[in-house]
Amino acid sequence: MPDSQPQPPHSPSPSDPADRGSLLLTGARLTDGRTVDVRLHGGRIEAVGTAGSLTPRRTLGSLPPGRAPGPGTRPGPGGHLNPGGHLDLAGYLLLPAPADPHVHADTALTADVPGPVSYRPEDVQRRATEAALLQLGHGATALRAHVRVGDVAGLGALTAVLRTRRSLRGLAELTAVAMPRVLTGAAGADGLAMLRDALKMGADVVGGCPDLDPDPAGYVEAVLEVAAEHGCPVDLHTDAADPARLARLAAMAGGLRPGVAIGPCDGLGLLPADAVSRAADQLAAAGVTVVCLPQGACGTVDRPDGTPPVRLLRAAGVRVTAGSGALRDVSNPVGRGDPLEAAYLLASRHGLRPEEAYDAVSAAARSALGLPEVRVEAGFPAELVAVRGDRLAGALSLAYSRIVVHRGRVVARTSAVREYGDSTGASDLGLPRQGGGGRGRGDGRAGPGGHDGSGGHDGPGGHGGRGNMA
């Protein structure tokens, strides 16, 4: 019997074809140890049942009962998936998809660019699109991009990111944060005008860097005022190294809805323990979200780890989430933009349990972005990622092969195969080995000894090749 009973069909928006169609996921492992089938339809999870209990949803034009499926109904290795398809997830752990609340789409992939970074809209759009697709391949189906407005960029970078948002519709959700540099004094008048223009153009969130303004408190006050005028969330860059300034920010932000996020707050780690504790209580009381950047703080070189004392903040009741920050720009030339790596670092370096660490890049991140909750249960949005492995800790450690589902459709697949040379010692000990006849099975399941043979060999240099998209 299904563990989660089928739900009434969801009515997709007529303007969003990505919500149409159905997909049956079979043999997936959940974090509670169950192996289940999951049926998706209309962009939502329609039913979850024990392995073997669900069948594909019959839709107009589907096969009559008793007729065998033809070619293409079940995808082969690296093959395309069709609406109404069936995807075998044996050997995979099925999770709510991550979301990334802090990316820099306008400066991504510029670390190796000679000379000044180009802010021509066409250049920014190309970089922003490539960066978003890289992060989608990692599993992030929702991204919040912080975009500079004013100065050299003007509104051109924002224009490009908004074009990227439209081009990615059906693949990922991209929201834009407008980030002016100065908002106070005589120079701030232009910044305020630019900020209001950015919101009229389609920016979703009011942001910025109060630490860079001559009057940080005045900057925060200006941002909150504009956000209240437009009913927008606020997302601010700050190192939070000044307790008095942070206390004032929390006091001003307390009543704002739909909410305030700040990050990376890496300066909190430099404060005395009692000051950090007071700051945590103030942020929790104000409902302010802290977005940390465990893969590296953006815009700083003296504190490369953009992570505050996350355990203390969580214990005080602060919602803590994690973003990727810089993706291969001058701040972090090796940034990966991988939410599972962010979770891995929170677990390995900052003492969170794997479940807590993954929550920071999934449930907490989606909540910070104002997105609906995702669970692998009937009725919830079909925003999922399947990762090779059977336990969350192992998936965070070796998350090479991934299948990403957005609005009930497979939108990205990354497959990796590990192979080793012949070894008598390995054979004698019964250790896993691939090579010769022991290559990946080719059906998406692990090869001999549990190897990752998930549908395709690595590309040049042994990197996981990008798979096909449905």
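Contact here means heavy atoms within 4.5 Å, and helices (H or I, at least four residues) and strands (E, at least two) are DSSP runs numbered from the N terminus. The model is predicted, so local features need pLDDT of at least 70 and side-chain atom pairs count only at pLDDT 80 or more, while totals for chains, interfaces and linings use all residues. Residues are numbered from 1 along each chain as its sequence is written, and side-chain values use heavy atoms, with hydrogens and water left out.

Among the elements that cover the buried residues of α4 are α3 (185-201), β10 (205-208), β11 (234-238), α5 (243-253) and β12 (260-264). Buried denotes under 20% relative accessible area, exposed over 50%, and partly exposed in between (1.4 Å probe, protein chains only). The buried residues of α4 include Tyr219, Val220, Leu224 and Val226. Just after α4, Gly231 adopts a positive phi of about 65°.

Two cis peptide bonds are described next. The bond from Arg257 to Pro258 is cis, with omega near 20°, and Pro258 lies in the loop between α5 and β12. The bond from Gly263 to Pro264 is also cis, with omega near 0°; Pro264 is in strand β12.

Most residues other than glycine have a negative phi. The residues below are not glycines, yet have a positive phi.
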